[in-house]
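User: I am new to this structure and would like to go through it by question and answer. Please show it first.

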Amino acid sequence: MRVAMIGAGYVGLVSGACFADFGHVVCCVDKDAARIAALERGETPIYEPGLDELLARNVREGRLSFRCDAAEAIASADAVFIAVGTPSRRGDGHADLSYVHAAAEEIAQLMDGFTVVVTKSTVPVGTGDEIEQIIRARRVDADFAVVSNPEFLREGAAINDFKRPDRVVVGTDDERARDVMRELYRPLFLNETPLLFVSRRTSELIKYAANAFLAMKITFINEVADLCEAVGADVQQVARGIGLDNRIGPKFLHPGPGYGGSCFPKDALALARTATEAGAPIRLVETTIEVNDARKRSMAARIAAAAGGLQGKTVAILGLTFKPNTDDMRDAPSLEVAPRLMAMGARVQAFDPQGMGEARPLLEGVEFRAGPYEAVEDADVLVILTEWDQFRALDLDRVKLLMRRAVVVDLRNIYRPEEMRARGFDYASVGRA
Ligand SMILES: NC(=O)c1ccc[n+]([C@@H]2O[C@H](COP(=O)([O-])OP(=O)(O)OC[C@H]3O[C@@H](n4cnc5c(N)ncnc54)[C@H](O)[C@@H]3O)[C@@H](O)[C@H]2O)c1
């Protein structure tokens, strides 16, 4: 199959590279000329484990290319994927569909012969209908089908998630489009990955319902963590105790500073909007959003309490990205926490293994350090904000020697309270005595 991937971001690049690895011929198109130039030089514009090698191999073997100009890629494609961003629209929380609409316009002008237009971007229910109308309005005679195929990959584990997904969801009623989608995902089909064929609207909603549910699960355990602190229970043990129940499951039961990232915040908001406008509000999701926003805002006060006030103090932050193994800073808790710490009178010195390039322009006033030990130098309190593996095995004696005061606020529970206290740290974590 010949595939054009419109948008070479976290989703487009990974999906494009994986489809090429399945044996298809893929052209990734992006209007960001610097990004395409970097890709053509063999550089990977985002940090995603394993992506460098996957891109290089598929380029070398002639199945993967990159372009700014979509014309040839779209004209020759059996399937054109839309993998552009759908950020929150300023003001009302709706998904901003301007990039999706622009992509649809472009596809309409350039497609040739029967073309399956596949929406991989996360889009509100009914967007597939809009894309169809946009294309039809420009090309009355065009032979095409618009399919919804939401992406469930997680940054940091994206390649494995794409190649070994729990399921693939395909929303279409068009039999020819189904055949193309079956062919595209054939290697997974052979692996017995469930391929779920549903209606387009159902498929669009599945993606939002999945993300909102996961956001709700995280928020639930965060509130249970607060309760644990109030009543003297241990949230790790509560999470394990409930997670072993198959009906609940152990994942997404890790308490922390509140969820962030490029998906959960905007998708929960967009779902709440859609539901309200449809006259079927989802109050649980509305509350999840409120509780999570409040939680992110409250973390600075938690750190101040542990440090005995922040005026004139130095705070070391380890981890700035919204989760480990990515350089993505979108809606990361650090963007809420660090400015608040500085507003409360603290100096902030931070380190992140991959995110500092992205973080620098977003976190004015923060001093960026070359490594974890440089970050903790002369600090009054150390905050662990993202659970990168390299922070799990710090030389704690060295950390203690470098710090002015041995105070640690571990917002990801990566250390054990007894152990930290035995080493002489004043240690606070989430939901544990
Ligand atoms: N990031 C994730 O983990 C993830 C997971 C699942 C789904 N999604 C969804 O996938 C979509 C893409 O997310 P992302 O994180 O990859 O976004 P991104 O911002 O990393 O990438 C989007 C890319 O599209 C390009 N682009 C925009 N309009 C274009 C056009 N008309 N022609 C060519 N290129 C264009 C941009 O330059 C950018 O490089 C979103 O809807 C998102 O919600 C993201």
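User: Which residue has its backbone nitrogen 3.0 Å from a polar atom of the side chain of Glu151?

Analyst: This is a predicted model, in which local features need pLDDT of at least 70, side-chain atom pairs count only at pLDDT 80 or more, and totals for chains, interfaces and linings use all residues. Residues are numbered from 1 along each chain as its sequence is written, and side-chain values use heavy atoms, with hydrogens and water left out. Glu151 lies in the loop between β6 (144–148) and α7 (158–163), where helices (H or I, at least four residues) and strands (E, at least two) are DSSP runs numbered from the N terminus. The residue whose backbone nitrogen lies 3.0 Å from a polar side-chain atom of Glu151 is Leu153.

User: Is Glu151 buried or exposed?

Analyst: Beyond four places away in sequence, Glu151 touches Val11, Ser15, Lys120, Phe162 and Lys207; contact means heavy atoms within 4.5 Å. Buried means under 20% relative accessible area, exposed over 50%, and partly exposed in between, with a 1.4 Å probe and protein chains only. Because its relative accessibility is 10%, Glu151 counts as buried.

User: Which residues come nearest to the ligand?

Analyst: An oxygen atom of the ligand is 2.6 Å from a side-chain N or O atom of Asp30, and a nitrogen atom of the ligand lies 2.7 Å from a polar side-chain atom of Glu155. For Arg330, the distance from a side-chain N or O atom to an oxygen atom of the ligand is 2.8 Å. Of the 26 residues around the ligand, those that come nearest are Asp30, Thr86, Glu155, Lys266 and Arg330.

User: How do Tyr259 and Phe264 pair?

Analyst: Rings of Phe, Tyr and Trp (its six-membered ring) pair if their centres lie within 6.5 Å; planes under 30 degrees apart count as stacked, over 60 as edge-to-face and the rest as tilted. By this rule there are nine aromatic pairs. The ring centres of Tyr259 and Phe264 are 6.0 Å apart and their planes stand at 80 degrees, so the pair is edge-to-face.

User: How many residues apart are Phe351 and Phe391?

Analyst: These two residues also form an edge-to-face pair, with 6.2 Å centre to centre and 75 degrees between the planes. Phe351 belongs to strand β10 (residues 347–351), and Phe391 to the loop between β12 (381–384) and α17 (396–402). The pair links distant parts of the chain, and the separation is 40 residues.

How values were computed:
A residue is near a molecule or strand if one of its heavy atoms lies within 4 Å of it. A polar contact is a pair of N or O atoms within 3.5 Å; within protein, one must be able to donate a hydrogen and the other to accept it, and residues adjacent in sequence count only if both atoms are side-chain atoms.
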